[in-house]
Amino acid sequence: MSMAVVGLLAGMALGFAGYFGGFGAFLLVAALGAIGFVAGRFLDGDLDPGDLFRARERGDRRR
């Protein structure tokens, strides 16, 4: 499944949550989606747990 389709599905889920459940449901779906995204990246091996908690040093900037 392409990232465009995943984005489309996520946008539709957020739209339905916002329309039918209000702003609180919109925020809940967005937060759970973000948690699911991070968990999926971790399970795929694209993300190390240390990357989330390690403080960057001055010379370790990404550009």
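I call a residue buried under 20% relative accessible area, exposed over 50% and partly exposed in between (1.4 Å probe, protein chains only).

**Ground rules.** This is a predicted model, where local features need pLDDT of at least 70, side-chain atom pairs count only at pLDDT 80 or more, and totals for chains, interfaces and linings use all residues. Residues are numbered from 1 along each chain as its sequence is written, and side-chain values use heavy atoms, with hydrogens and water left out.

**Gly15.** With those cut-offs in hand, I looked up Gly15 and found it partly exposed, at a relative accessible area of 40%. Gly15 sits in helix α1; I take helices (H or I, at least four residues) and strands (E, at least two) as DSSP runs, numbered from the N terminus. From Gly15 to Phe26 I get 7.6 Å, C-alpha to C-alpha, with the two 11 residues apart in sequence.

**Fold.** I count three helices and zero strands in the protein chain, in the order α-α-α from the N terminus on.

**Surface.** Of the 63 residues in the protein chain, 2% are buried. I get an accessible surface of about 5,600 Å² for the protein chain, 66% of it belonging to carbon and sulfur atoms (Shrake-Rupley method, 1.4 Å probe; for residues, only the protein chains shown count as cover).

**Met1 and its patch.** Met1 comes in the segment before α1 (3-21). Met1 is exposed, since its relative accessible area is 77%. I also find Met1 in a nonpolar surface patch of about 1,200 Å², whose members include Leu8, Phe16 and Phe20. For such a patch, residues need over 30% relative accessible area and no salt bridge, and nonpolar side chains (Val, Leu, Ile, Met, Phe, Trp, Tyr) are joined within 5 Å, like charges within 9 Å. A salt bridge puts a side-chain nitrogen of Lys or Arg within 4 Å of a carboxyl oxygen of Asp or Glu.

**Pocket.** A pocket is an open set of points on a 1 Å grid over the protein atoms alone, where a 1.4 Å probe fits, with protein on both sides within 12 Å along at least five of seven lines; lining residues have an atom within 4 Å of a point. The largest pocket holds about 210 Å³. Among its lining residues I note Met3, Ala13, Gly33 and Phe37.

Definitions and conventions: Grid points are joined across faces, edges and corners, and a volume is the space filled by probe spheres set on the points.
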